[in-house]
Amino acid sequence: MVKPIRLMGQFPPLSAGRVLRQVIVDGLLGQWRILLTAALIPFILALIIDIGTAITLDLRGSRDLVANPETILIDILALILIEVLIGAYYTTNVARLLGIGSKSGRPTLDEDWRDAFGAVAVRLFIFYFFGAVLLGGGFVAYLMFRDDLPTTQLAPFIIAVPALIQLFLYTRFSFVISAAAVGAPYTFGDSIRATGGITVLLLGLNLVFSLPLVVAQLALQTGTASFPTFGLGYFAVMILTQALFLLRVAVFTIINLVCFVNRTGWAPGARRV
């Protein structure tokens, strides 16, 4: 999908036009069969977890109790299973199929794959953990200081600032996800150095391609509360939600893989300089 241009460790500038072409034409459109095939198993697994969570909450009478500790705990567990483990599974497969390739067109679940999957899962968990700390801290600050602000219009900024900080850090550290998926020896410090100078490009790509999918997914998840449990509309929204989740993962993975390869010159067997 992408052609390495230098050895890892040297950071040439990126052309926005070239990156867009590789993301859209070579990646999303050119590899849609691979993306769709690789999404089948994670889609089924995510749907099973989503349905299992709904059944558990319904049987315990906690489905509509937003502030209930048990409901929060079950939702967090489902979030970790879907976003971290299933997200890592699909990310690893997409990155390895597009970045390394496979003669059979399917990922080889060998020791290298297991190491890559574990590394991606750990990094995703770190991202989500610190994101939760930042956003949670912003929400607590909002509750504590909203009545003391000179104007109520400033209140949303108390939450928006931590969210922007998280987005910035997520962008600067994003290369560790692609690197881990393809087995490249890349640290968080390496990612900071490699993304320097292209932060605006990465932010723009993720805001344009990924943010609408995040908003749509959250809107659908919120909308399930208005449907009768296990009704036709409920299942339809649940299926669409998981489809958007996997599309978001694919888009994020392709954006970062394209930028990672072109920025660092990584290729299978590439050496650091």
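## Burial and overall fold

Of the 273 residues in the protein chain, 41% count as buried, where buried means under 20% relative accessible area, exposed means over 50%, and partly exposed lies in between (1.4 Å probe, protein chains only). This is a predicted model, in which local features need pLDDT of at least 70 and side-chain atom pairs count only at pLDDT 80 or more, while totals for chains, interfaces and linings use all residues. Residues are numbered from 1 along each chain as its sequence is written, and side-chain values use heavy atoms, with hydrogens and water left out.

The protein chain has 9 helices and 0 strands; helices (H or I, at least four residues) and strands (E, at least two) are DSSP runs, numbered from the N terminus. The order of elements from the N terminus is α-α-α-α-α-α-α-α-α. Among contacts in the protein chain with a separation of 6 or more, 78% come from residues 24 or more positions apart; contact means heavy atoms within 4.5 Å. The accessible surface of the protein chain is about 14200 Å², and carbon and sulfur atoms account for 71% of that surface. Accessible areas come from the Shrake-Rupley method with a 1.4 Å probe, and for residues only the protein chains shown count as cover.

## The second largest pocket

The second largest pocket has a volume of about 220 Å³. Its lining consists of L28, W32, L35, L36, A39, L40, F43, Y90, A243, L246, L247 and A250. Two or more lining residues come from each of α2 (32–59) and α9, and α2 gives the most, with 6 residues. By class, the lining has 12 nonpolar residues, no polar and no charged. Here Ala, Val, Leu, Ile, Met, Phe, Trp, Tyr, Cys and Pro count as nonpolar, Asp, Glu, Lys and Arg as charged, and the others, Gly among them, as polar.

Rolling a probe the size of a water molecule over the atoms shows where empty space is left. The search uses a 1 Å grid over the protein atoms alone; a pocket is an open set of points with protein on both sides within 12 Å along at least five of seven lines, and lining residues have an atom within 4 Å of a point. Grid points are joined across faces, edges and corners, and a volume is the space filled by probe spheres set on the points.

## Salt bridges

There are 3 salt bridges, a salt bridge being a side-chain nitrogen of Lys or Arg within 4 Å of a carboxyl oxygen of Asp or Glu. One of them joins E83 and R248, at 2.7 Å from N to O. E83 lies in helix α3 and R248 in helix α9, so this pair ties together parts that are 165 residues apart in sequence. E83 is buried at 10% relative accessible area, and R248 is buried at 12%.

The side chains of R193 and D190 also meet, at 2.5 Å from N to O. Both R193 and D190 lie in helix α7 (residues 188–195), 3 residues apart, about one turn of the helix. D190 is buried, with a relative accessible area of 7%. A further salt bridge links D26 and R21, at 3.2 Å from N to O. D26 is partly exposed at 21%, and R21 is partly exposed at 41%.

Q242 belongs to helix α9 (residues 232–264). Q242 counts as buried because its relative accessibility is 2%. Not counting residues up to four places away in sequence, Q242 touches F43, A46, L47, D50 and I82. F43 is also one of the residues that line the second largest pocket.

T92 is found in helix α3 and is buried, at 0% relative accessibility. Leaving aside neighbours within four places in sequence, T92 is in contact with W113, A116, F117, V120 and A181. A181 is one of the buried residues of α6, together with F175, V176, I177, S178, A179, A180 and V182. Helix α6 (residues 175–182) is mostly covered, with 8 of its 8 residues buried. Just after α6, G183 takes a positive phi of about 80 degrees.

## E70 in α3

E70 lies in helix α3 (residues 69–99). At 28% relative accessibility, E70 is partly exposed. E70 and L57 are 13 residues apart along the chain, and their C-alpha atoms are separated by 8.8 Å.

Key
1 Å grid on protein atoms, 1.4 Å probe; cavity = no way out; pocket = protein on both sides within 12 Å on 5 of 7 lines; lining within 4 Å.
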